[in-house]
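Try each task before reading its solution.

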Amino acid sequence: MRKTNNLILETAIKVLLFFIVLYSVYIFTAGHYYPGGGFIGGLMTAGAIVLLLITYDIKTVEELLPVNYRILTAIGLLFAIGTSAGSLLFNVPFLTHAFGDVHLPLLGELSLHTATLFDLGVYFVVVGVTMTIIQTIGEDE
Amino acid sequence: MSSLHLAILAPLVLSIFIPLFYRIFRHIHAGWFVLPIPIVLFVYFLTFLPETMRGRSLIEMINWIPSLGIKFTAKVDGLGLLFALLITGIGALVVLYSIYYLAKNKEKLNHFYVYLLLFMGAMLGVVLSDNLIVMYGFWELTSFSSFLLIGYWYERDKSRYGAQKSMLITVFGGLAMLGGIILLYIMTGTFSVTELISQANAIFNNALFDPALVCILLGAFTKSAQFPFYIWLPDAMEAPTPVSAYLHSATMVKAGIYLVARFTPVFGEHFLWFLLVTSVGILTLVWGSIFAVKQTDLKAILAFSTVSQLGLIMSLLGAGAAALHYEFLDENIYTVAVTAAIFHLVNHATFKGSLFMAAGIIDHETGTRDIRKLGGLMHFMPITFTTSIIGAFSMAGLPPFNGFLSKEMFFTAMVHVTEMDLFNLNTWGILFPVLAWIASIFTFVYSMILVFKTFTGKYQPDKLDKKPHEAPMGLLISPVILVSLVIIFGFFPNLLSDSLISPAMASILPSLLEAGEEFMVHISFWHGPNIELFMTLGVIILGIILFKTHAKWKKIYKAVPEKLALNRFYDFLIEGMQSVPYKVTNTYMNGSIRSYLVYIFTFFIVILAATLIGKNAFTFDTSNVSSIGVYEVALAILVVLASICILFAKSRMTSIILLGAVGYTVSLFYVLFRAPDLALTQLVIETISVALFLVCFYHLPKLRRFETRMRFRFTNALISVGVGVMVTLIALSAHSNKLFDSISQYYVENTYTEAAGKNMVNVILVDFRGFDTLFEITVLAIASLGIYSMIKLRLNRRKEE
């Protein structure tokens with residue numbers, strides 16, 4: 001891509017990026033109780049990276065984030081299938097989730113779900129898939 | 001999760017670590033890491049022997065999909081244990097052999113052993129699963145790993161051809177078998193073999209019984225290379241020799257035999273079963289033995305010989321099923337066929353395994369397997385010669401080896417067929433012993449060709465690439481062990497009779513046994529001068545004559561026209577399957593997305609309009625509609641305006657942005673209707689897809705706004721209006737016509753109590769409908785890989801140019 005002078009975007013993104021990513025992580029973790037979840041969180045993270053892509057070019061972003069998104073997709077699928085199949089070890093049907101509350105010293109009551117692990121898989125797959133597609137099409141010149 | 005399940009899954013799970021070991025310990029042959037697995041499993045399965053000998057079987061169950069009756073039930077009974085021991089025992093020997101056969105620096109050993117372990121686990125799963133759906137899964141996995149192993153040297157054309165052929169034929173059979181399994185389920189309501197057997201009498205007259213029988217047999221016949229499906233097996237010989245010895249002679253091809261044995265209690269009493277199994281078996285036996293004589297490649301001879309021997313075992317099982325017609329055990333002379341089938345199954349694994357390994361050694365040490373180039377190797381390879389001659393003599397049915405015993409019993413069983421007072425066998429049954437006898441003569445001939453053309457005769461050093469010498473010790477261990485078994489089972493056949501054969505028979509013919517009873521199997525050498533002995537003598541005399549005059553009569557084979565060969569038919573079929581759809585597809589797939597959208601939308605309009613009109617489904621009811629506020633009207637106007645603007649946009653960039661505007665407005669609708677999840681998703685999706693459009697922007701051709709043809713514009717307008725009208729009509733009808741309550745109440749009530757979540761949408765995604773999500777993300781991943789590989793492949797090609 002050709003280099004253009006987009007100073008405003010470049011300056012803004014340095015701050016914005018962290019907020020977007022943080023918010024996407026929040027949206028992902030809060031998903032079980034409030035609007036959000038792995039799918040939206042993943043898309044939002046991907047959106048943040050896309051914003052980076054638009055601001056800089058593909059090569060710079062690849063240096064910034066040396067992630068192989070195809071492997072990320074695979075890891076995500078492993079998470080999802082692993083969580084689903086893990087229930088077999090406890091002699092309950094495939095995809096049975098478990099949950100429980102834990103009391104943490106500073107954070108207080110925390111509700112933990114295996115569904116979150118499954119959702120983490122969704123999150124990774126969504127980021128991986130979106131970025132794989134955008135990256136490959138973008139690189140193809 | 002019991003130890004039995006772990007044993008079945010162990011090879012599959014441990015295969016994950018092989019590439020890891022392969023990378024870390026480069027200087028150690030990866031086979032050494034694999035070798036302990038089959039040995040440990042073999043010892044583990046041996047511990048079941050005392051139980052099965054007492055006629056008991058062990059069942060362990062894990063629920064998998066209980067609502068569909070799918071449970072991972074592992075069952076060890078006589079038959080299953082026999083196969084499990086065969087799989088792990090021969091597996092251990094084959095792995096040992098492969099360590100010396102495959103060079104550690106040249107071969108992709110990490111792939112090889114992963115495939116091999118995959119196969120081993122799958123095969124154990126097939127023979128130890130009581131649930132048919134689980135067994136079917138493992139069954140296809142064996143086809144799959146066999147495909148990978150045949151195509152191991154995938155850079156060779158023939159390997160790829162052979163791999164594809166075996167895959168297509170065995171998977172075709174597998175699908176037929178799945179059909180059979182489902183038919184059985186429809187009749188009985190169970191996938192469990194044990195329960196099926198107990199219901200066998202009840203379904204005997206069901207209309208679906210015959211189709212189910214044929215479907216199951218199709219699975220068995222394709223897998224066990226029966227006529228006319230055997231054509232994949234000779235081509236499968238492109239696999240490395242350890243694989244041929246293991247999959248394509250000792251274990252996988254016997255899965256079909258296993259299936260027939262397993263289903264004998266269900267189908268065995270039916271005439272069709274007897275007819276199909278026995279006659280297809282005997283036809284395969286004759287056909288395979290006759291064509292084995294024609295071959296000049298050592299492994300091709302062995303391949304056809306395997307086909308023929310599998311036919312032999314198959315026909316024995318068919319004949320043995322006739323024993324089920326007699327309710328009593330005493331003097332039931334037909335059970336001998338089943339005894340012979342199991343005994344020969346073991347014997348075949350020993351002698352054919354050793355012969356395959358010997359062929360591999362010859363290939364390894366001389367560089368060729370062509371018997372026209374080989375000869376006089378006896379002095380160079382005395383040990384290989386000894387193992388080969390014992391294996392071949394056993395295969396030919398000569399005393400004192402185990403092959404002689406089972407061949408005698410085979411004749412006995414075939415002679416008994418003529419004495420059956422069933423199905424008019426006393427008239428046409430005479431065909432069976434005659435065909436068996438003819439096939440045995442040819443078996444004798446090719447066994448002799450195999451060993452004498454290779455090891456005796458004239459030594460032709462100029463035709464060989466290497467100077468032949470005896471193989472290293474490591475390569476010889478496995479064939480020597482197998483050959484020792486040939487001799488041991490030959491002299492002491494009753495080592496097997498109580499431990500393996502009798503329990504396996506109890507699994508095949510359970511209805512003949514009273515509680516606590518067991519089959520008394522006694523195998524002896526000398527039966528006195530009976531008809532079987534004279535048949536064997538005839539085989540030997542005629543066999544020697546035919547072998548001596550082989551050069552003179554082998555021209556007969558040329559009389560068979562090539563065009564009629566089954567392989568030709570297969571190739572024709574495959575070519576047709578590719579070229580015809582290719583032509584058909586080319587008529588409408590012109591590569592332009594515009595046309596495809598036209599197809600999709602036209603179809604959409606036609607099918608929905610036809611349904612709406614045909615079913616008289618359109619209703620319009622405004623009684624339950626909420627009031628429309630200012631915001632909704634404003635948003636609707638925005639959407640309409642943006643859409644209309646797209647039509648008049650001059651550049652693609654403007655169109656993309658306007659399209660984005662439509663999308664964002666729609667997400668505002670979700671906000672109004674209090675669906676925050678949807679609104680969020682829609683927002684992010686819009687953003688990403690606009691970005692994607694921008695990325696693609698570079699590649700798209702310039703927008704051709706001024707399409708001149710009136711017809712083109714008219715069609716497009718018609719279709720777009722049609723789609724809009726249809727969607728509106730359906731939305732109105734869907735709202736006005738509620739046949740049942742919405743499911744949402746269920747979710748409202750259960751989201752917190754069942755899944756401890758408060759966000760219903762998310763809980764539905766990850767829990768209630770988790771399967772959907774799982775498959776959706778899988779589809780997404782596959783799609784992204786598809787896009788990746790299509791673009792990357794195109795890039796590479798461009799670079800090469």
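The exercises below concern a predicted model.

**Exercise 1.** Find which residues touch the most other members of the largest nonpolar core, then list contacts of B:Val277.

*Solution.* Start with the largest nonpolar core, which has 212 residues. Within this core, B:Leu149, B:Val277, B:Leu316, B:Leu317 and B:Ile342 touch the most other members. Next, take B:Val277 and set aside its neighbours within four places in sequence; the contacts are then B:Leu217, B:Val260, B:Met314, B:Leu317, B:Gly318 and B:Ala321. Finally, look apart from this core: another one, of 45 residues, includes A:Met44, A:Val61, A:Val127 and B:Phe768.

**Exercise 2.** Decide whether A:Thr11 is buried or exposed.

*Solution.* First locate the residue: A:Thr11 sits in helix α1 of chain A, residues 7-30. Then count 11 other C-beta atoms within 10 Å of A:Thr11. A residue is exposed if that count is 12 or fewer, so A:Thr11 is exposed.

**Exercise 3.** Work out how chain B is divided into domains, and what lies at residues 65-113.

*Solution.* The domain assignment gives domain 1 (268-554), domain 2 (593-744) and domain 3 (745-801) in chain B. Taken over C-alpha atoms, the centres of domain 1 and domain 3 of chain B are separated by 54 Å. For residues 65-113 of chain B, an unreviewed UniProt entry carries the annotation "domain: NADH-Ubiquinone oxidoreductase (complex I) chain 5 N-terminal". This span of chain B is 59% helix and 16% strand, and its end C-alpha atoms lie 31 Å apart.

Methods: Residues are numbered from 1 along each chain as its sequence is written. Chains are lettered from A and ligands numbered from 1 in the order in which they are written. This is a predicted model: local features need pLDDT of at least 70, side-chain atom pairs count only at pLDDT 80 or more; totals for chains, interfaces and linings use all residues. A nonpolar core is a set of buried Ala, Val, Leu, Ile, Met, Phe, Trp, Tyr and Cys residues joined through C-beta atoms within 7 Å. A residue is buried if 20 or more other C-beta atoms lie within 10 Å of its own, exposed if 12 or fewer, and partly exposed in between; C-beta atoms are placed from the backbone. Two residues are in contact if their C-beta atoms, placed from the backbone, lie within 7 Å. Helices (H or I, at least four residues) and strands (E, at least two) are DSSP runs, numbered from the N terminus. Domain bounds come from an automatic or database domain assignment. UniProt positions are given in the numbering used here, feature names are shortened, and annotations may be inferred rather than shown by experiment.
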